[in-house]
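Biologist: I would like to learn how to read a few features of a model. Please take them one at a time, beginning with a single side chain.

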Amino acid sequence: MNAESRQARRSWLVPGDLNGFFGLVVDNLSILGFIAAALIGIFGFPAEVIYTRMFPGTAFGVLVGNLIYTAMARRLAARSGRVDVTAMPLGLDAPTSIGMALLVLGPAFVGFKQAGLDEAAAADATWKLGMASLIVMGALKFVLSFAGDAVTRMIPRAGLLGSIAGTALVLMGFLPLIETLRSPLVGFMTLGLLLYVLVAKGRLPVKLPGVFVAFVFGTALFYGFGALGLGAPGFHWPTPQPLQLVLPLPTLGFIEGLPHTVPFLPLLLPFGLLMIVGGINVSESARAAGDDYRTRDILLAEAFSTLVAGFVGGVAQTTPYIGQPAYKHMGARSGYTLLTGLFIGLGGIFGIVSGLVQWLPLAVLAPIIVYVALDITTQAFQATPGKHATAMVFGFLPPIAYMLSIKTGNPAWIDPARHAELAGALDGHGLPELAVIVTLGNGFIMTSMIWTSAVAAMVDGRLRRAAAFLLGGAALALFGIIHSVDPRGGVYLPWALEGLQKVIAWQFIGAYLGLAALLILLSLQRDPVAPPAQA
């Protein structure tokens, strides 16, 4: 064994690991903070359930995943005899964790209360739904770990990235922007500072990470202005939750939550699929930076840590982060993932993480999510062929319908009886407008994926492939997986529909079948799509 190999085995920490540790911890804390702030501040979810049931299991998944990636890095270092191997960073996935809070857990909690459950029972049912959601996504990721390359070959990049980009821009960008501007003095300044350091790459007078400075600056503004009476109406000091030891023990509570995942499958399945695609991409990124991890191992570790989190009460899935080359540039090796896993995992168990995120106001966290949404959308366009840009933008429209559906479905805005009346009102000009908005919004991620993929295939001159995507859309619409006519987005058997719902469902199904048939006929032409003009 040579000296470098012995050193690779012996060194657990190097100075660069501290930089990597700080960056990875801030990423995870910001996501946990937004989950808590959104559920408590927007949906009125009981804080005690978040901090003592959801967070310990979620944090434990981060611990397990980072320990596995640390071991993988040390094994690669020993095998290659190199001392510069950098572990794959793992943490909570921003888009799907935010999506879980805003689109699954929060609405489910409200729905359980509307169904007659008291607050405590609704919170318990929501927690079990969150656990079950992780089991569903983890199982999907585990299966697709063996077929990830086939998935990426089947669905064009525009379809994979465009569907999440539309969700990011419309839901992760716009809704948190509203929360940002509910405290505009703090929120807008924090957002501007983030754009300065992260987009404009501006320099700060202190040599500290920009996101950390924005955290401290925004939080100081929030509490400073609030204490002086200059903040937005409704300012109050947080009520600290006492630190307590909560062991993330295995529980079968997720079994009770599994039936409640069915209406959310059009969200959960794309969330899991997206992580597989992301895992493949980050593996390629690490390989290009010099660390040749086996893609299947990266994906299986990600799936395993998500499943573990679901079994012990977690509600947000883990994923390898795209920034492995950036951590390598910081000088991080394998110690930073070990430190991050221990800090987040043990911090979740002992209540330290919960204690930290309680003091992070939504007006400071929301701007970070707005930036993440902008970054996801920008990367989607950069990583997709320019000729598919219009196809991607077309896929942004279903998330807009879902956003409108969220707002119009809020009983505090529109009385449920009035909402039902509008959704069933025929005016002689086609289907009811509100019913179309709700139907288009239900299953919006998968709808975006189908629409974008079909148009991208048209652009490539592959009309029969486009028709195949549309036929898949018709099959999904048949059972309400997309375009569900159930206002809650539930799936159903088509022959169980009656009245106007049956009419709407078959109108949408017929639209997909009709366009698919038209494209097949057009494909019979010779050279149906003209080649692009030469510049």
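Biologist: Is I406 buried, partly exposed or exposed, and which class does its relative accessibility give?

Modeller: This is a predicted model, and the value is computed from it. I406 has 28% relative accessibility, so it counts as partly exposed.

Biologist: Where is the place of I406, and which residues does I406 touch?

Modeller: I406 sits in helix α18, residues 397-408. Leaving out residues up to four places away in sequence, I406 touches L103 and L171. As for I276, 130 residues separate it from I406 in sequence, and the C-alpha to C-alpha separation in space is 28 Å.

Biologist: Which residues of α7 and α21 meet?

Modeller: On the α7 side they are A158, G159, S163, T167 and L171; on the α21 side, F444, I445, S448, M449, T452, S453 and A456. By class, this contact of α7 with α21 has 6 nonpolar, 6 polar and no charged residues.

Biologist: At what angle do the axes of α22 and α23 cross?

Modeller: The axes of helix α22 (residues 463-478) and helix α23 (residues 499-523) cross at roughly 165° and come within 8 Å. Angles over 145 degrees count as roughly antiparallel, and α22 and α23 are therefore roughly antiparallel to each other. Their crossing is left-handed. The residues in contact include L463, R464 and L470 of α22 and W506, Y512 and L519 of α23. By class, the α22 contact with α23 has 17 nonpolar, 2 polar and 1 charged residues.

Biologist: What about nonpolar cores?

Modeller: In soluble globular proteins, nonpolar side chains tend to be buried together. In this model the largest nonpolar core has 102 residues, and F55 and Y293 have the most contacts inside it.

Biologist: Which residues is Y293 in contact with, leaving aside neighbours within four places in sequence?

Modeller: Among them are M72, L76, V85, M88, I298 and Q324.

Methods
Residues numbered from 1 in each chain as written. Predicted model: local features only at pLDDT ≥ 70, side-chain atom pairs only at ≥ 80, totals over all residues. Heavy atoms only, no water. Axes fitted to C-alpha atoms, helices over the stretch in contact; angles between N-to-C directions. Helix = DSSP H or I, 4+ residues; strand = E, 2+ residues; numbered from the N terminus. Parallel < 35°, antiparallel > 145°, perpendicular 65-115°, else oblique. Left-handed = near helix turned anticlockwise from the far one by under 90°. Contact = heavy atoms within 4.5 Å. Nonpolar A, V, L, I, M, F, W, Y, C, P; charged D, E, K, R; others polar. Core = buried A, V, L, I, M, F, W, Y, C linked by side-chain atoms within 4.5 Å. Buried < 20%, exposed > 50% of the residue type's maximum accessible area, 1.4 Å probe, protein only.
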